[in-house]
Amino acid sequence: MSDDQCQYFHLLSLACSLTSLIVLQGSWAKLSEVAVKGAQYNSRERQPHPKCLQGTRVDLLKYIHGFLDDTEKNRLIWLHGTAGVGKSAVAFTVADKMKDLKVAEETNEKRLAGTFFFSRKHTKRCTAGYFFATLVYQLATKFPSIRNYVNEAIRDNPALLDPDEPLCDQMEALFLKPLRKLQFRLRGCPPLLFVVDALDECTSEPELTDLILSLAQALREPGLPVTHILLTSRSESHIIKVFQNDEVRPLVCEIPVRTSGEGGIISLDGADVDNDICTFLRHSFVELGSRHPDFPQPSEVEVAKLATRAGRRFIVASTMMK
């Protein structure tokens, strides 16, 4: 082969590599456009962010974090209750803590792999069609080693970013396979966590059923790094039915739960919530006093009466203060 021919093939190879790089960068740009930034737990779209005050929800948060550190098996941790009892605040607080926890000391990669907070008020957050694209965008941002793989999957099948694409196909290409790519890298590391809030805000019941079944299918698959998913929802019948499915139930850690030994119940609206709401009200009145120095501060008796009126629902206490 002549020198001219060698140079030709070398330039051809460089051109092909450059073209491939441009195509992959295009795939990432498309994913960035489709991923719902407002669904992330700390997005500006969700401000003000509901969160647990220091010293509140202590037992509940401790119980949840006990599962998050379990390296034995993948889990679906399902926290459910009535409207206004603080599910989103707990989800935010857990995510906010996990975002600072490293998978290993020698890396800056964190255990919080992705979040999706549903909302029926927002077109792209009331459907599961953007769910896996949003999670894989966050996952590949936090673990750059899998970004090229994700880009290649989208290049080979651009329809994966179509919100009408079957969830099972999106789950396989944009959730299960990327996680498998991290298995060796995360061997021996503490588990990853995804946080999914307000399942009941997904407006299509069949779609939500498919989503929960898809997540359960993914966590049953071999070859994954240990991965937990914290999910919150209202205690609605169609959601309860899915979590009782034979294929889902073995993975589920359900809260509320009756603890062994002392027979107590860990829940969102237990007796300890009265004290937490008192703490919230005191904090709110202090903040109000800092803005309006002439505003009289209530007595402990008055705070307790207000807490009782809230009926163990943080949304009621919050509305009072507004």
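Analyst: The crossing of H4 and H6 is left-handed. Keep in mind that this is a predicted model. H4 covers residues 131-142 and H6 covers residues 167-180, and the two pack at an angle of about 15 degrees with their axes 9 Å apart. An angle under 35 degrees counts as roughly parallel, so H4 and H6 fall into that class.

Now for the residues that do the touching. On the H4 side you have Phe 132, Ala 133, Leu 135, Val 136 and Leu 139. On the H6 side, they meet Leu 167, Gln 170, Met 171, Leu 174, Phe 175, Pro 178 and Leu 179. Sorted by class, this contact of H4 with H6 has 11 nonpolar residues, 1 polar and no charged ones.

Gln 170 deserves a look of its own. Gln 170 sits in helix H6 and is buried, with a relative accessible area of 1%. What does the side chain of Gln 170 reach at 3.5 Å? That would be the backbone oxygen of Gly 129. Leaving aside residues up to four places away in sequence, Gln 170 touches Ala 128, Gly 129, Phe 132, Leu 160, Asp 162, Pro 163, Glu 165 and Phe 175. Two of these names, Phe 132 in H4 and Phe 175 in H6, also turn up in the list of residues where the helices meet.

Zooming out, the protein has 11 helices and 7 strands. Of its 322 residues, 46% count as buried. If you take contacts with a separation of 6 or more, residues 24 or more positions apart account for 77% of them.

The peptide bond from Gln 47 to Pro 48 is cis, with omega near -5 degrees, and Pro 48 lies in the loop between helix H1 (3-34) and helix H2 (58-68). That loop between H1 and H2 also holds Arg 57. Phi of Arg 57 is near 55 degrees, which is a positive value in a residue other than glycine. Is Arg 57 buried or exposed? Arg 57 counts as buried, at 3% relative accessibility.

Another cis peptide bond runs from Ile 255 to Pro 256, with omega near 25 degrees. Here the proline, Pro 256, is in the loop between strand E5 (252-255) and strand E6 (257-258).

Ala 198 is another non-glycine residue with a positive phi, near 60 degrees. You'll find Ala 198 in the loop between strand E3 (192-197) and helix H7 (205-220). Ala 198 is buried as well, with a relative accessible area of 10%.

One last stop is Ser 284, placed in helix H9 (residues 272-291). At 11% relative accessibility, Ser 284 counts as buried.

Methods. Residues numbered from 1 in each chain as written. Predicted model: local features only at pLDDT ≥ 70, side-chain atom pairs only at ≥ 80, totals over all residues. Heavy atoms only, no water. Axes fitted to C-alpha atoms, helices over the stretch in contact; angles between N-to-C directions. Helix = DSSP H or I, 4+ residues; strand = E, 2+ residues; numbered from the N terminus. Parallel < 35°, antiparallel > 145°, perpendicular 65-115°, else oblique. Left-handed = near helix turned anticlockwise from the far one by under 90°. Contact = heavy atoms within 4.5 Å. Nonpolar A, V, L, I, M, F, W, Y, C, P; charged D, E, K, R; others polar. Buried < 20%, exposed > 50% of the residue type's maximum accessible area, 1.4 Å probe, protein only. Polar contact = N/O pair within 3.5 Å; in protein donor to acceptor, adjacent residues only side chain to side chain.
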